[in-house]
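Please consider the chain displayed below. The briefing that follows sets out its elements, surface and local contacts.

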Amino acid sequence: MNTAPSHRANAALMSLEAAAASARGGFACMFSTSDEYETALISERRAQGRYGAPRSHWPLAMFASCTLIVAGTVLLFS
C-alpha cells in the first residue's frame, strides 16, 4: 500500500482550502452600511482637497464684460 500519493493529495487539498479561505477574506467589506462608506469617502475626499472652491477667473471676467457692454449701450443711446 502506497501512502505517499494520498499524503500529497491531502496536502494539496489543505493548501487549496487555505487559499480559498484567504481569498474569501479579501472580499470582506469594512463598512456595514452604504452610509458609512459614503461618509468615509466624503471625508477622505475633503482631506485630499477635492471639495475646495474653484479657482476660476471666469466669473470675474464675465462680470467685467457684461458691465462694459451695459456701459457701452448706455453711452451709445444717451
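**Briefing on the predicted model**

After α2 comes G49, which has a positive phi near 85 degrees. This is a predicted model, in which local features need pLDDT of at least 70, side-chain atom pairs count only at pLDDT 80 or more, and totals for chains, interfaces and linings use all residues. Residues are numbered from 1 along each chain as its sequence is written, and side-chain values use heavy atoms, with hydrogens and water left out.

**Confidence**
- The protein chain has an average pLDDT (the predictor's confidence in each residue, from 0 to 100) of 84, and 86% of the residues score at least 70.
- Among the elements, the lowest mean pLDDT, 78, belongs to helix α1 (residues 4-26), and the highest, 94, to helix α3 (residues 58-77).

**Secondary structure**
- The protein chain contains three helices and zero strands, where helices (H or I, at least four residues) and strands (E, at least two) are DSSP runs numbered from the N terminus.
- Along the sequence the pattern is α-α-α.
- Helix α2 (residues 34-48) has 15 residues and should span 21 Å at 1.5 Å a residue, which agrees with its end C-alpha atoms being 21 Å apart; the expected span is 1.5 Å times one less than the number of residues.
- The 20 residues of α3 reach 29 Å from first C-alpha to last, close to the 28 Å expected.

**Exposure**
- Of the 78 residues of the protein chain, 0% count as buried (under 20% relative accessible area, with exposed over 50% and partly exposed in between; 1.4 Å probe, protein chains only).
- Zero of the 20 residues of α3 are buried, so this helix lies largely in the open.
- The accessible surface of the protein chain is about 7300 Å², and 66% of this belongs to carbon and sulfur atoms.

**The segment after α3**
- S78 lies in the segment after α3 and is exposed, with a relative accessible area of 74%.
- A polar atom of the S78 side chain lies 3.0 Å from the backbone oxygen of V74.
- The S78 side chain also reaches the backbone oxygen of L75, at 3.4 Å.

Key:
Areas by Shrake-Rupley, 256 points an atom, 1.4 Å probe, with all protein chains shown as cover. Polar contact = N/O pair within 3.5 Å; in protein donor to acceptor, adjacent residues only side chain to side chain.
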